[in-house]
Amino acid sequence: NFRYAQDYNAGDVFDLGTYDVTREEIIEFSRKYDPFPFHIDDQAAQETVFEGIISSGWLTGLVWLRLMHNVFLCYETTLGSPGHEEMIWPTPVRPGDRLSGQVEIKGSRVSASKPDLGFVRYTATLRNQNNEDVFVTTSTLIVKSVPRQQRTSKNSPNEEDRRFAGADISGAAFVPLLKFDISLLNIDKDKSGIFSIPGGSGNRW
């Protein structure tokens, strides 16, 4: 999963895997952080528009974040996020739901003022087993760019690259190194311009 900012391209899609949401987790989380009755009390939840216990949206968001950590975020290069453009919960999450996650890259760029850093914009989605969106967010990650020394080495061919490309280390053409004095060969030339090696077939040079 090691990736620099330049390794992300618009249109790339990453599968985040799945997560099973339990009633116990919904209630435990909500009692501590988001104690609405429809998150923690079956009877009270039945009397609401939800007609049963649903997950706190923040728990749903953290399920997504857990999946991001499992398979997507690179600890060596990811430096957090400046914020989210949007975060919506189109469908409530209920006990027993199996959520699957996906990330689509919207674009990436390297900072003009700080070229060692890049920004990767993406949209992430969680869907339930009925293929209904339960969580959607668009955000940006701060990601290290390719190290300067690697960028330099990639842009500057080494001696072997230049040699095989037909140039010596100074950039002069390599072809002259292949020149030779044809008079040193035991060959004859007739009036038609054909060189021939005695005992062999004629060859045009």
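**A five-stranded antiparallel sheet**

Five strands form an open sheet in the order β1-β3-β4-β5-β2, with antiparallel pairing. The edges are β1 (13-20) and β2, each of which pairs on one side only. From one strand to the next, the twist averages 20°. The model is predicted. Strands of a sheet pair through backbone hydrogen bonds, in either a parallel or an antiparallel way.

Strand β1 meets strand β3 (residues 98-110) at one end of the order β1-β3-β4-β5-β2. Seven bridges join β1 to β3, and the two run antiparallel. Gly17 has Gly101 in β3 as its bridge partner.

Strand β4 (residues 117-127) and β5 run antiparallel and are joined by 11 bridges. Among the paired residues, Val120 has Leu141 of β5 as its bridge partner. The strands β4 and β5 form a hairpin. Five residues lie between them. In this turn, Asn131 has a positive phi of about 65°.

Strand β5 also pairs with β2 (residues 83-88). Five bridges join β2 to β5, again in an antiparallel arrangement. Here Ile88 stands opposite Val136 of β5. Strand β5 itself spans residues 133-144 and is mostly covered. Of its 12 residues, 10 are buried.

A helix accompanies the sheet. Helix α4 (residues 57-71) lies across β1, β2, β3, β4 and β5. Its direction is at about 125° to β1.

Methods. Residues numbered from 1 in each chain as written. Predicted model: local features only at pLDDT ≥ 70, side-chain atom pairs only at ≥ 80, totals over all residues. Heavy atoms only, no water. Buried < 20%, exposed > 50% of the residue type's maximum accessible area, 1.4 Å probe, protein only. Helix = DSSP H or I, 4+ residues; strand = E, 2+ residues; numbered from the N terminus. Pairing = 2+ DSSP bridges. Axes fitted to C-alpha atoms, helices over the stretch in contact; angles between N-to-C directions. Contact = heavy atoms within 4.5 Å.
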